[in-house]
Each structure stands twice: as C-alpha cells, then as structure tokens.
Amino acid sequence: MKLVFATQNKNKIDEVRALFPANISLLSLTDIGCNEDIPETGKTLEENAILKANYITHNFGYPCFADDTGLIVEALNGAPGVYSARYAGKSRDANANMDKLLKELKHAKDRKAQFETVIALNLNEEQHIFKGEIEGKIINKKRGEQGFGYDPVFIPNGYSKTFAELPLEIKNNISHRGLAIQKLITYLNNLGQDEERS
Ligand code: IMP
C-alpha cells in the first residue's frame, strides 16, 4: 500500500520511514509532485492536520496522513499553540520565536508547558486521529545545539536536559510526535494483521 506523509520536511519523512511496517511504502509530497504550500488556516492543531490530509486525498487521490504540532504554555493561556511556527512572525524563525517566548515569560513563575501533536489519517474512506503529548517546562535561557524549533528552551518532566541536549533517540522515544507516530504505526500494524487473517 502507498501512503503519503503530507510534509515537506525530509527529516520527518526519514525518521518515520525507518519505523514503518514493510508492507507500506511511504511517499513524500515531492514523490507525488506536490510542491504547493498547503494552507494551514485552522484554529486548532486537529483542524490543521485534517486540512492538510484532506488536501492531499482530495487533490491527489492518495491515502494520506498529516501532522500538526504546537507548544502550549500555561502562563500564556495556551500560546503559542497553533501559531507556534509563526509566533514571532511570518519568517518562521526558531530563534526569534524562542526570544519572544523567553521575553513573554520573563517574570513568570509558572513555567509549565507541553508539546502536542495531532495526526490525521485518511485511509479506506475513513479518517482517524492520533495524538501525542509531553509535559515539561520552559527554562530561561537556550541550552543545546540539537533538534529544532523550541527544543533549546524545553525540558521534559523527569529530565534535566533540554530537548536540544538529549540524544535524538531519547527525544524521539518520549516526544509528542514520537508518541503520536507510535499510535499511528500500531494502528497500521493491526490493520495489516487483520488483512492477513481475512
Ligand atoms: P509542525 O506542525 O511539526 O511544523 O510544528 C509547528 C512548530 O512547532 C514548529 O515550527 C516548531 O516551532 C514547533 N515544534 C514542533 N515540533 C517540535 C519539536 O519537536 N521541538 C521543538 N519545537 C517543535
């Protein structure tokens, strides 16, 4: 079976491809000739994930899944949330986003935050939603070189290192996206077993 992952991010594709069941061939947007910027105009992560998955299924006819992630900060009433990529402006600059976040939290005692990922899967005329989240806190200075986005300012609960300091294998095992992807893979594996039985 061919399944499209609606992302332009090659790192995400490689990461997910390595984990996928062998009977599924994972295609990127480039593989199907989609170079468009898919509109992300939803007000929630779930709406955006659904928008992206539906765009591909309706316009290209493939079964497809799409993900959307946000950082939810308690002291900021859930911001940056669905606007995490564009928090400091359209340029989607990770450093500018972190600088803005640290400024907003300068006097905040409550540093609690969580990453949330929502995946929407369109398969066999049905839609399924998978979610993953990880709780932690925002520190007051960037630490670490790895990862991307808000990784240098986020420490997951139970750890003393930021996502940008932890080895990638650890991050992938415990992260919001890692957990949502694991749920998707469990679903696809069970589907494969059911098909073998019938
Ligand atoms: P996306 O939906 O995966 O593109 O994520 C939206 C935004 O959330 C990204 O541009 C990042 O700013 C942030 N983000 C998503 N995942 C992570 C992560 O694993 N670490 C840090 N920031 C992330």
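The text below covers the pocket, the ligand and one stretch of backbone.

This is a predicted model: local features need pLDDT of at least 70, side-chain atom pairs count only at pLDDT 80 or more, and totals for chains, interfaces and linings use all residues. Residues are numbered from 1 along each chain as its sequence is written, and side-chain values use heavy atoms, with hydrogens and water left out.

Rolling a probe the size of a water molecule over the atoms shows where empty space is left. The largest pocket has a volume of about 930 Å³. A pocket here is an open set of points on a 1 Å grid over the protein atoms alone, where a 1.4 Å probe fits, with protein on both sides within 12 Å along at least five of seven lines. The volume is the space filled by probe spheres set on the points, which are joined across faces, edges and corners.

The largest pocket is lined by 31 residues (lining means an atom within 4 Å of a point). Closest to its centre are Lys12, Glu40, Asp68, Ala85 and Arg92. At least two lining residues come from each of β3 (64-73), α3 (94-104) and α5 (176-197). Strand β3 gives the largest share, five residues. Helices (H or I, at least four residues) and strands (E, at least two) are DSSP runs, numbered from the N terminus. By class, the lining has twelve charged, ten nonpolar and nine polar residues. Asp, Glu, Lys and Arg count as charged; Ala, Val, Leu, Ile, Met, Phe, Trp, Tyr, Cys and Pro as nonpolar; the others, Gly among them, as polar.

What takes up this space? The ligand is surrounded by 13 residues (a heavy atom within 4 Å), and the closest are Lys12, Thr69, Asp151, Lys171 and Arg177.

Now the polar contacts (N or O pairs within 3.5 Å). A backbone N or O atom of Thr69 lies 2.9 Å from a ligand oxygen. The side chain of Asp151 places an N or O atom 2.5 Å from a ligand nitrogen. For Arg177, a side-chain N or O atom is 3.0 Å from a ligand oxygen.

Finally, the backbone. Asn77 lies in the loop between β3 and β4. Its phi is positive, about 50°, although Asn77 is not a glycine. Ala79 and Pro80 are joined by a cis peptide bond, with omega about -5°. Pro80 belongs to strand β4 (residues 80-81).

Terms used:
Polar contact = N/O pair within 3.5 Å; in protein donor to acceptor, adjacent residues only side chain to side chain.
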